[in-house]
Amino acid sequence: QMKIDLKPGTVNIVPVDKKTFKGTSPKINITGLRVKFDQCAGASFIRSYATLTSSTDDTDDVVTYIGVTKMV
């Protein structure tokens with residue numbers, strides 16, 4: 001459980017988890033994540049994202065998936 005103090009007009013990035021993998025098929029599933037907004041006086045928006053960083057002897061790659069923005 002974590003608590004973030006939000007302020008109007010600001011963007012907050014809240015890391016949920018970070019994993020290190022070895023191999024060619026990394027996979028993470030996150031289920032049951034719940035977000036609660038208390039004392040919100042207007043619209044709030046939430047968007048998920050995931051970043052994969054991979055390195056080999058020949059290449060370094062960074063891929064980011066950005067989810068759909070939802071108004072809550």
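Mentor: A residue is called buried under 20% relative accessible area, exposed over 50% and partly exposed in between, using a 1.4 Å probe with protein chains only. This is a predicted model, in which local features need pLDDT of at least 70, side-chain atom pairs count only at pLDDT 80 or more, and totals for chains, interfaces and linings use all residues. Residues are numbered from 1 along each chain as its sequence is written, and side-chain values use heavy atoms, with hydrogens and water left out.

Trainee: Why is Thr69 called partly exposed?

Mentor: Its relative accessible area is 43%. That value lies between 20% and 50%, so Thr69 is partly exposed. Thr69 sits in the loop between E3 and strand E4 (70–71); strands (E, at least two residues) and helices (H or I, at least four) are DSSP runs, numbered from the N terminus.

Trainee: What does Thr69 touch, not counting residues up to four places away in sequence?

Mentor: Thr69 touches Phe45, Ile46 and Arg47, where contact means heavy atoms within 4.5 Å. Ser48 is 21 residues from Thr69 in sequence, with the two C-alpha atoms 7.7 Å apart.

Trainee: What makes Ser44 buried?

Mentor: Ser44 has 12% relative accessibility. The limit is under 20%, so Ser44 counts as buried. Ser44 belongs to the segment before E1. Leaving aside neighbours within four places in sequence, Ser44 is in contact with Phe37, Lys70, Met71 and Val72.

Trainee: How many of the residues of the protein chain count as buried?

Mentor: The share is 3% of the 72 residues. Strand E3 (residues 60–66) is hardly covered, with 0 buried residues among its 7.

Trainee: Why is Asp58 called exposed?

Mentor: Asp58 reaches 72% relative accessibility. Exposed requires over 50%, so Asp58 qualifies. Asp58 is placed in the loop between E2 and E3. Lys70 is 12 residues away along the chain, and the C-alpha atoms of the pair are separated by 38 Å.

Trainee: How do you know that E2 and E3 are paired?

Mentor: Two strands pair if DSSP finds at least two bridges between them. Strand E2 (residues 49–55) and E3 are joined by 7 bridges, so they pass, and they run antiparallel. Opposite Tyr65 in E3 stands Ala50, and opposite Asp61 in E3 stands Ser54. A hairpin of 4 residues joins E2 to E3.

Trainee: Which secondary structure does the protein chain have?

Mentor: The total is 0 helices and 4 strands. Along the sequence the pattern is β-β-β-β.

Trainee: What makes Asp17 and Lys19 a salt bridge?

Mentor: The rule asks for a side-chain nitrogen of Lys or Arg within 4 Å of a carboxyl oxygen of Asp or Glu. The closest N and O atoms of Asp17 and Lys19 are 3.9 Å apart. That is within 4 Å, so the pair counts. Side chains of opposite charge can pair when their charged atoms come close. The count by this rule is 1 salt bridge. Asp17 has 48% relative accessibility, so Asp17 is partly exposed.

Trainee: Which residues make the nonpolar surface patch, and what makes them a patch?

Mentor: The residues are Val16, Phe21, Ile28, Ile30, Leu33, Val35, Ile46 and Val72, and the area is about 710 Å². Patches take residues with over 30% relative accessible area and no salt bridge; nonpolar side chains (Val, Leu, Ile, Met, Phe, Trp, Tyr) are joined within 5 Å, and like charges within 9 Å. Take Leu33: its relative accessible area is 58%, so Leu33 passes the 30% limit and is also exposed. Leu33 lies in the segment before strand E1 (45–46).

Trainee: How do you know that Met2 is exposed?

Mentor: Met2 has a relative accessible area of 52%, so it is over the 50% limit. Leaving aside neighbours within four places in sequence, Met2 is in contact with Val14 and Pro15. Val35 is 33 residues from Met2 in sequence and 10.0 Å away, C-alpha to C-alpha.

Trainee: What is the accessible surface of the protein chain?

Mentor: About 7,500 Å², with 52% belonging to carbon and sulfur atoms. The area comes from the Shrake-Rupley method with a 1.4 Å probe; for residues, only the protein chains shown count as cover.
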